[in-house]
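Dear colleague,

I am handing over the structure below. Please look through it first; my notes on what was found follow.

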Amino acid sequence: MPDLSTPPLSSAALPSAARIRVWDLPVRLFHWLLVATVLIAFLSSEEESALAPWHVPAGWIAAILLAFRVVWGFVGGEHARFADFLKPAQIAHHITGLFSGKPEHSIGHNALGGIAILALLGTVAGIIYTGATMQGDAEGGLHEALANLLLGLIALHVIAVVAMSLLTKDDLIRAFITGTKRADRHPGVEDARPPAPLALPVAAIAIAGAAYGATTIDPVAFTPGAHADAGEGGGGSEHGEDD
């Protein structure tokens, strides 16, 4: 992958139209794949939905994506690492900047954004867990409540991304598509450090391990409609469930 190992370049010497590398390709793929998977999970949550057979597989795919993201948070590119964006001590400073009309120009996730990412990933993990262990109305109620919470968090996340894009004049959505930001918005900032040398093999092992674990818990985890065919209903299984 070409953007994993390109040596950093100083943005100070580049023209204003130049861009600096921020997000590595694997973390961007994770982001948009999780978006698609969560969307499929919500659209397939009703038994009458044409996508209902994909509800359980979508949940297990989300679990694999989360396993990758946890590993990538330690070995991935500079701004994909948890240490780079989990900075609770900077939250007050960030909020003060927002209210003063001088928002922080963060190259990666800002302090509040880091907390939001953690909340989103944690909620998705909770939905997967409650789906995988769901065996009654109480568990089903918790599963649905977490799904509704996720919808609210996603709405807040989208609003925050749009608002920060307008306030800082930094197109954050484009940044997570191209992996780059305008160099003139971040003078003196260099390209992000690439992932660790063994990052991809370690991530591949995490993905394979998660897939193996999913099929151990639910042998038909990735077979669309298998649980409904077995008479377990379109929404889940005694052993494996959804996102």
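A residue counts as buried under 20% relative accessible area, as exposed over 50%, and as partly exposed in between. Valine 158 has a relative accessible area of 45% and is therefore partly exposed. Please keep in mind that this is a predicted model.

Surface patch

Valine 158 lies in helix 6. Together with Trp32, Val35, Ile154, Val162, Leu166, Ile173 and Ile177, Val158 makes a nonpolar surface patch of about 690 Å². At least two residues of the patch come from each of helix 1 (25-43), helix 6 (137-168) and helix 7 (172-178). Helix 6 gives the largest share, four residues.

Salt bridges

Four salt bridges turn up in a search of the whole structure. One of them joins the side chains of arginine 21 and aspartate 191, at 3.4 Å from N to O. This pair links distant parts of the chain, 170 residues apart: arginine 21 is in strand 1 (residues 19-21), and aspartate 191 is in the loop between strand 2 (180-182) and helix 8 (199-217). Arginine 21 is partly exposed at 32%, whereas aspartate 191 is buried at 7%.

Glutamate 78 and arginine 193 form a salt bridge too, with the closest N and O atoms 3.5 Å apart. Here 115 residues separate the partners, glutamate 78 being in the loop between helix 2 (55-75) and helix 3 (82-85). Glutamate 78 counts as buried at 19% relative accessibility, while arginine 193 is exposed at 55%.

Arginine 182 and aspartate 184 also meet in a salt bridge, at 2.5 Å from N to O.

Regards

Methods
Residues are numbered from 1 along each chain as its sequence is written. This is a predicted model: local features need pLDDT of at least 70, side-chain atom pairs count only at pLDDT 80 or more; totals for chains, interfaces and linings use all residues. Side-chain values use heavy atoms; hydrogens and water are left out. Patches are made of residues with over 30% relative accessible area and no salt bridge: like charges are joined within 9 Å, nonpolar side chains (Val, Leu, Ile, Met, Phe, Trp, Tyr) within 5 Å. Accessible areas come from the Shrake-Rupley method with a 1.4 Å probe; for residues, only the protein chains shown count as cover. Buried means under 20% relative accessible area, exposed over 50%, partly exposed in between (1.4 Å probe, protein chains only).
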